[in-house]
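Have the structure open while you read.

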Amino acid sequence: MRLEQRRAGGLPVRTLGLVGCVLAVPTFAQQHGTDPVQLDTGARIYSSTCSACHGPDGDQVSGVELKKGQFRHAATDDELARVIQNGIPGTSMPPNNIGSGSLVALMAYLHAMRDFKTKKVAMGDARSGRVVFEGKGGCTNCHRVNGKGSHVALDLSDVGSIRTPSYLEDALLDPRSTDVPQHRFIRAVTRSGAVITGRRLNEDTLTVQIVDSKERLVSLTKADLKEYSVGKEPLMPSFKDKLTDAERADLIAYLASLKGEDSGGRGGRGQ
């Protein structure tokens with residue numbers, strides 16, 4: 001199914017036709033704060049499937065600027081989806097065996113790229129950054145990297161694959177600017193009076209799953225709760241005054257080096 005790209009207020013309205021059905025691909029403005037998990041999924045797919053040729057900023061292929069929505073062989077999202085799935089004969093663009101759910105996540109991420117910051121960030125030494133991460137920064141008290149650290153906050157083992165250095169710098173300086181409601185902490189009180197706090201992992205209409213303060217996975221049924229509230233502020237502290245500029249640059253370099261246990265994070269682990 002082919003869908004024409006229409007414009008409203010000078011901005012493209014993007015849709016994606018897949019296997020005889022139509023799936024709307026929201027813009028980043030629509031996605032942000034509503035489905036960050038999908039964007040993270042798309043970021044991981046982009047890192048493993050696209051970034052080797054297109055680069056982390058999508059500007060390493062001549063005539064293609066992913067952040068600007070500039071493509072040589074696609075004028076609509078429907079055409080872009082076919083390029084991703086089928087490749088382009090006679091070029092280095094290969095076909096990709098990607099399911100419809102992963103394709104929608106990847107397309108959402110491609111839309112989001114135009115809103116990513118591209119400011120230059122000071123990058124220090126990754127090995128020194130690991131020392132800061134595990135020492136002065138106290139990051140392992142909450143975060144985990146390649147099996148080492150805490151489950152209280154997000155696992156950062158592949159954060160360098162899905163986050164840019166500028167994003168990482170923003171997260172360290174102003175955690176509010178990168179806070180995702182999906183990962184905020186909750187407080188629940190059961191009908192028996194037990195108080196449970198922890199980081200939200202998943203939530204639907206009937207249940208919520210969290211990692212509690214003792215790093216245990218807990219599933220709660222909302223009907224069994226007499227109180228349930230979500231924290232409005234991130235627990236991540238600002239490192240603006242806690243670290244020197246050099247220490248922060250080292251820490252960013254270490255985080256950017258983390259590509260997953262079997263890939264590029266090895267330099268940051270001192271191997």
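Glu203 comes out as partly exposed, at a relative accessible area of 33% (the partly exposed class sits between buried, under 20%, and exposed, over 50%, with a 1.4 Å probe and protein chains only). Keep in mind that this is a predicted model, where local features need pLDDT of at least 70, side-chain atom pairs count only at pLDDT 80 or more, and totals for chains, interfaces and linings use all residues. Residues are numbered from 1 along each chain as its sequence is written, and side-chain values use heavy atoms, with hydrogens and water left out.

**Glu203 and its partner**

- Glu203 pairs with Lys222 in a salt bridge, and their closest N and O atoms are 2.6 Å apart (the cut-off: a side-chain nitrogen of Lys or Arg within 4 Å of a carboxyl oxygen of Asp or Glu).
- Glu203 belongs to strand β8 (residues 195-203) while Lys222 sits in the loop between β10 (217-221) and β11 (225-230), so this pair ties together parts 19 residues apart in sequence.
- Lys222 is partly exposed too, with 25% relative accessibility.

**The pair in helix α6**

- Arg130 and Glu134 form a salt bridge through their side chains, at 3.1 Å from N to O.
- Both residues are in helix α6 (residues 126-134), and because they are 4 residues apart there, about one helical turn separates them.
- Glu134 is partly exposed at 31% relative accessibility, and Arg130 is partly exposed with a relative accessible area of 25%.
- Lys148 joins in as well: Arg130, Glu134 and Lys148 are linked in a network of salt bridges.

- Asp212 and Arg216 make a salt bridge, with 2.9 Å between the closest N and O atoms.
- Asp212 is buried, at a relative accessible area of 5%, whereas Arg216 is partly exposed at 47%.

**The whole chain**

- The structure has 9 salt bridges.
- You'll find 10 helices and 11 strands in the chain (DSSP runs numbered from the N terminus: H or I of at least four residues for helices, E of at least two for strands).
- The chain has 271 residues, and 42% of them count as buried.
- Among contacts with a separation of 6 or more, 55% join residues 24 or more positions apart (a contact means heavy atoms within 4.5 Å).
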